[in-house]
Amino acid sequence: MAGGGDLSSLEKGLVILRELAGSESGMTAGQLAQAAGLNRTTTYRLCDALERGGWVRRSATGDTTEFELGVSALGLAVLIGDKYDTEARLRPVISELARAIGETVHVGVLAGAEVVHVARALPASGFSVAARIGTREYAHCAGLGKALLATLAREEFEELYPDERLRTQTINSLATRSALRQDLDRVRSRGYALDEEEGTLGIKCVATPIFAAGAQPYFALSVTSVPARMTEDRLPDIVSAVRGAAALLTAAFGGTVPRDWGNGSPAAPAPAAPPATDADAGAATRAARRGRTPVSVPQPAAPGVD
């Protein structure tokens with residue numbers, strides 16, 4: 001039983017939800033008041049407020065009115081369960097990738113024209129260039145973002161980037177939509193994206209998508225380090241490790257990789273590409289942002305590393 005003391009209305013409402021969640025059936029106002037340590041008037045008032053938000057549902061049988069959890073509470077339970085299920089699937093793979101390659105690993109999701117960092121794993125060596133969870137970056141300036149942008153259908157790409165000029169974060173950032181299209185063509189061809197100090201000077205990364213059912217993009221996975229540790233000689237090993245880990249996670253989420261994804265040499269440096277045309281943009285393989293976003297996407301943030 002909770003003490004009625006100096007609890008705020010929010011705390012009292014949460015106590016009511018906790019009692020209802022722990023009950024095998026509905027509870028009357030009297031039962032709720034006793035279990036929560038509140039008076040009946042307060043219990044009724046809070047249940048009315050919770051009912052308006054869909055957190056509590058009331059049902060009447062004869063002269064008896066009972067309360068139980070509403071659809072909002074049940075929906076939240078599903079989202080929370082999904083979040084921890086997602087983390088449980090990601091964690092072993094990204095932790096092993098960070099250990100094996102000795103570099104920082106990030107996972108991100110696309111949110112409009114930004115990419116949001118939702119998970120990370122640090123190497124045992126202690127050397128880390130990790131971004132904070134919740135950090136947002138311009139998608140076209142980050143390896144994670146470009147890996148996901150490369151999966152977009154032409155219409156979605158043009159909706160996100162209606163203008164030719166793009167915002168930049170460093171002198172290496174792609175500054176035009178045409179340049180971005182060319183780079184995304186290369187990403188689709190080789191199966192991975194490169195961030196050549198485009199988001200933060202002194203930071204490079206290799207990234208590739210994780211696909212869900214129907215070959216829909218789910219996340220992107222990246223290995224991030226400094227240029228001295230991501231040399232041309234080492235790049236093939238890093239690319240192979242990232243793509244291998246992404247394939248494992250794609251399988252873990254019941255997904256499939258599109259047949260036309262990464263048809264080029266998987267570990268070859270980016271080749272020079274001819275100018276892209278509007279038709280080239282139509283080569284994008286799958287539409288992103290059609291599937292669910294598995295974790296909550298925090299707000300603010302300035303560009304960080306990826």
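R181 is buried, with a relative accessible area of 9%; buried means under 20% relative accessible area, exposed over 50%, and partly exposed in between (1.4 Å probe, protein chains only). The model is predicted, so local features need pLDDT of at least 70 and side-chain atom pairs count only at pLDDT 80 or more, while totals for chains, interfaces and linings use all residues. Residues are numbered from 1 along each chain as its sequence is written, and side-chain values use heavy atoms, with hydrogens and water left out.

R181 forms a salt bridge with E158, with the closest N and O atoms 3.3 Å apart. A salt bridge is a side-chain nitrogen of Lys or Arg within 4 Å of a carboxyl oxygen of Asp or Glu. This pair links distant parts of the chain: R181 lies in helix α7 and E158 in helix α6, 23 residues apart. Helices (H or I, at least four residues) and strands (E, at least two) are DSSP runs, numbered from the N terminus. E158 is partly exposed, at 28% relative accessibility. The structure holds 18 salt bridges. Another of them joins the side chains of R186 and D183 (3.3 Å, N to O). Because R186 and D183 are three residues apart in helix α7, about one helical turn separates them. Both R186 and D183 are buried. Salt bridges with shared partners join K146, D183, R186 and E198 into one network.

The loop between α6 (154–160) and α7 (177–190) contains T176. T176 is buried, with a relative accessible area of 19%. Its side chain reaches the backbone nitrogen of A179 at 3.1 Å. Not counting residues up to four places away in sequence, T176 touches E164, R165 and L166; contact means heavy atoms within 4.5 Å.

Helix α4 holds E87. E87 forms a salt bridge with R91, the closest N and O atoms being 2.9 Å apart. Both residues lie in α4, four residues apart, about one turn of the helix. E87 is partly exposed, with a relative accessible area of 30%, and R91 is partly exposed at 28%. The C-alpha atoms of E87 and A119 are separated by 8.0 Å, although the two are 32 residues apart along the chain.

Strand β5 (residues 114–121) is mostly covered, with six of its eight residues buried. Seven bridges join β5 to the antiparallel strand β4 (residues 104–111). Two strands pair if DSSP finds at least two bridges between them. A111 has E114 in β5 as its bridge partner. Two residues lie between the strands of this hairpin, where G112 takes a positive phi near 65°. Three bridges join β5 to β6 (residues 136–138), also antiparallel. Here V115 stands opposite E137 in β6.

The largest nonpolar core has 31 residues, and V206, F219 and L221 have the most contacts inside it. A nonpolar core is a set of buried Ala, Val, Leu, Ile, Met, Phe, Trp, Tyr and Cys residues joined through side-chain atoms within 4.5 Å. The elements that give two or more residues to this core are α4 (71–101), β4, β5, β8 (204–211), β9 (217–225) and α8 (235–252). Helix α8 supplies the largest share, seven residues. Leaving aside neighbours within four places in sequence, the contacts of V206 include Y192, L221, M230 and V242. A second, separate core of 23 residues includes A139, L174, L180 and V187.

Notes:
A polar contact is a pair of N or O atoms within 3.5 Å; within protein, one must be able to donate a hydrogen and the other to accept it, and residues adjacent in sequence count only if both atoms are side-chain atoms.
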